[in-house]
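I opened my notebook on a structure I had not looked at before. Here is what I looked up, entry by entry.

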Amino acid sequence: MTAAPHSAANHGAANHGAVTHGAADLPVRPGEDPWSDAELADLRIELEKEAVALRAELGDSQAQIAARLGDAATEAGDDEADTSSKLFEREHELALSNNTRELLEQTEHALARIESGTYGVCESCGKPIGKARLQAFPRATLCVACKQRQERR
Ligand SMILES: [Zn+2]
């Protein structure tokens with residue numbers, strides 16, 4: 001068994017006209033109008049912009065972490081207070097960069113779902129998430145009911 005390489009993400013921009021799923025095919029909740037191509041395009045552009053910004057941010061913070069790890073390795077003679085404040089800073093930065101990475105993953109996941117035509121389907125119950133909810137939270141993968149159930153756990 002050969003695993004397919006996970007490299008599609010970088011080719012998104014070159015894929016003009018490759019979308020085979022119409023916006024109107026995406027699920028909406030009862031009473032909502034179907035997605036128009038323009039609405040979906042707006043949302044997608046917004047997500048793509050965020051992905052670019054998050055990737056840049058992640059690149060910056062990883063460079064900073066790498067620089068600081070380098071510092072720590074060369075400064076073996078630090079006193080303890082100095083070392084622990086550096087550790088704190090590093091942990092803070094790692095946490096920030098983990099948040100950014102998570103947000104980037106969610107953003108890329110939403111874009112992948114738009115590509116594959118599964119955008120708007122609740123990943124827990126399979127019902128429509130709802131257009132209004134997605135326009136407010138484009139990265140949502142759960143409908144309101146499932147989200148609330150998850151938060152109560
Ligand atoms: Zn659900």
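Where does Ile65 lie? I found Ile65 in helix 1. Before going on, I noted that this is a predicted model, in which local features need pLDDT of at least 70 and side-chain atom pairs count only at pLDDT 80 or more, while totals for chains, interfaces and linings use all residues. Residues are numbered from 1 along each chain as its sequence is written.

**Entry: overall layout**

I looked up the elements and got four helices and zero strands. Helices (H or I, at least four residues) and strands (E, at least two) are DSSP runs, numbered from the N terminus. Along the sequence the pattern reads α-α-α-α.

I then checked burial: 12% of the 153 residues count as buried. A residue is buried if 20 or more other C-beta atoms lie within 10 Å of its own, exposed if 12 or fewer, and partly exposed in between, with C-beta atoms placed from the backbone.

Next came contacts, meaning two residues whose C-beta atoms, placed from the backbone, lie within 7 Å. Among contacts between residues at least 6 apart in sequence, 62% join residues at least 24 apart.

**Entry: confidence**

I looked up pLDDT, the predictor's confidence in each residue, from 0 to 100. The protein averages 84, and 82% of the residues score at least 70. Over residues 3-18, though, the pLDDT is below 50, and this stretch has one contact in the model beyond near neighbours in sequence. By helix, confidence is lowest in helix 1, at a mean of 88, and highest in helix 3 (residues 131-136), at 96.

**Entry: back to Ile65**

Why does Ile65 count as partly exposed? Ile65 is partly exposed because it has 16 other C-beta atoms within 10 Å. Not counting residues up to four places away in sequence, I saw Ile65 touch Arg90, Glu93, Leu94 and Ser97. I also checked Ile65 against Glu89: they are 24 residues apart in sequence and 9.4 Å apart in space, C-alpha to C-alpha.

**Entry: two aspartates in helix 1**

Asp37 is in helix 1, which covers residues 37-74. Asp37 has 11 other C-beta atoms within 10 Å, so I put it down as exposed. Its C-alpha atom is separated by 7.3 Å from that of Ala24, 13 residues apart along the chain.

Asp42 is in helix 1 too. It has 13 C-beta neighbours inside 10 Å, so it counts as partly exposed.

**Entry: the core**

Which residues make up the largest nonpolar core? I counted 10 residues in all: Leu26, Trp35, Leu40, Leu43, Ala51, Leu54, Ala110, Leu111, Ile114 and Tyr119. A nonpolar core is a set of buried Ala, Val, Leu, Ile, Met, Phe, Trp, Tyr and Cys residues joined through C-beta atoms within 7 Å. Helix 1 and helix 2 (80-116) are the elements that give two or more residues to this core. Helix 1 gives the most, with four residues.

**Entry: helix 2**

The buried residues of helix 2 are Thr100, Thr107, Ala110, Leu111 and Ile114. I checked the length of helix 2 as well. The expected span of a helix is 1.5 Å times one less than its number of residues. The 37 residues of helix 2 should therefore span 54 Å, and its end C-alpha atoms are 53 Å apart, which agrees. Just after helix 2, Gly117 takes a positive phi of about 80°.

**Entry: helix 4**

Last, I looked up Val144 and found it in helix 4 (residues 144-152). Val144 counts as partly exposed because it has 13 C-beta neighbours inside 10 Å. Val144 and Pro128 are 16 residues apart in sequence, and C-alpha to C-alpha they are 10.0 Å apart in space.
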